[in-house]
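Okay, thanks everyone, let's get started.

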Amino acid sequence: MPIMVEEKIRDILEDFFTTPGFEDCFLVDINQSNTKLEVFVDCDGALTFEKCQRISRKLEKDYLDVELPLGESYTLDVSSPGVGKPLKLWRQYVKNVGRTVEVNLLEGDKYTGKLTEVAPEQIVLEAKVRRKEGKRKVTSVEDITIPFDAIKKTVVKISF
């Protein structure tokens, strides 16, 4: 996608997310292939269908239908990133405090546990850890502090 299109969408949404009712919204990602544009947004609160619809109309009215960067016939999809998509932004971590996440570290380790704390530089997980004590393995629940710069990928785990 030309950088100009992405920058223009970011600018429009940054401005739009200062309007009443949308202050808790934020842009997560933008994907484009040919004439299909996917805009992934999230909110600190609930991202409703109505919010997605209004964001979509804003992008169409202010840019896509005026300057035609994707041509006259295009598909625009505005939605949340969805379950199973990795967390990308700090605000997504904050929103998911209390939920079970799987964290893959750059060094290869993997932890699954409840996200209990999010700070500017790190997260804290409450996770089961297995250790060898003598000849047997013991499982205990511990708080694990993980710096953001050590995280490769974090995914929210859904339990039924």
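Let's begin with Asn-34, which counts as exposed because its relative accessibility is 71%. The cut-offs here: buried means under 20% relative accessible area, exposed means over 50%, and partly exposed is in between, with a 1.4 Å probe and protein chains only. Before I go on, some ground rules: this is a predicted model, so local features need pLDDT of at least 70 and side-chain atom pairs count only at pLDDT 80 or more, while totals for chains, interfaces and linings use all residues. Residues are numbered from 1 along each chain as its sequence is written, and side-chain values use heavy atoms, with hydrogens and water left out.

Back to Asn-34. You'll find Asn-34 in the loop between β1 and β2. When I say helix or strand, I mean DSSP runs, numbered from the N terminus: H or I with at least four residues for helices, E with at least two for strands. What is the phi of Asn-34? It sits near 50 degrees, a positive value in a residue other than glycine. The two strands around that turn, β1 and β2, form a hairpin with 2 residues between them. Strand β1 covers residues 25-33 and strand β2 covers residues 36-43; they run antiparallel, with 8 bridges joining them. For pairing, DSSP has to find at least two bridges between two strands.

Leu-68 is not a glycine, yet its phi is about 50 degrees. That residue is in the loop between α2 and β3, and with a relative accessible area of 34% Leu-68 is partly exposed.

Now, salt bridges. How many salt bridges does a search of the whole structure find? The count is 11, where a salt bridge is a side-chain nitrogen of Lys or Arg within 4 Å of a carboxyl oxygen of Asp or Glu.

One of them is between the side chains of Lys-95 and Asp-42, at 2.6 Å, N to O. Lys-95 lies in helix α3 (residues 90-95) and Asp-42 in strand β2, so this pair ties together parts that are 53 residues apart in sequence. Is each partner buried or exposed? Asp-42 counts as buried, because its relative accessibility is 8%, while Lys-95 is partly exposed at 32%.

Next, go to helix α2. Asp-62 and Lys-58 meet there through their side chains in a salt bridge, also listed as 2.6 Å, N to O. They're 4 residues apart in helix α2 (residues 49-67), so about one helical turn separates them. Asp-62 is partly exposed, with 29% relative accessibility. And there's a network of salt bridges here, linking Lys-58, Lys-61 and Asp-62.

Then there's Glu-102 with Lys-157, a side-chain salt bridge at 3.9 Å, N to O. This pair links distant parts of the chain, 55 residues apart: Glu-102 is in strand β4 (residues 100-105), and Lys-157 is in the segment after β8 (151-156). Lys-157 is partly exposed, with a relative accessible area of 38%.

Which residues form the negative surface patch? They are Glu-7, Asp-11, Glu-14 and Asp-15. A patch is made of residues with over 30% relative accessible area and no salt bridge; like charges are joined within 9 Å, nonpolar side chains (Val, Leu, Ile, Met, Phe, Trp, Tyr) within 5 Å. Lys and Arg count as positive, Asp and Glu as negative, and His and the chain ends are not counted. Charges are placed at NZ of Lys, CZ of Arg, CG of Asp or CD of Glu. Accessible areas are Shrake-Rupley with a 1.4 Å probe, and for residues only the protein chains shown count as cover.

Val-83 is in the loop between β3 (75-79) and α3, and with a relative accessible area of 69% Val-83 is exposed.

Okay, that's my tour. Over to you.
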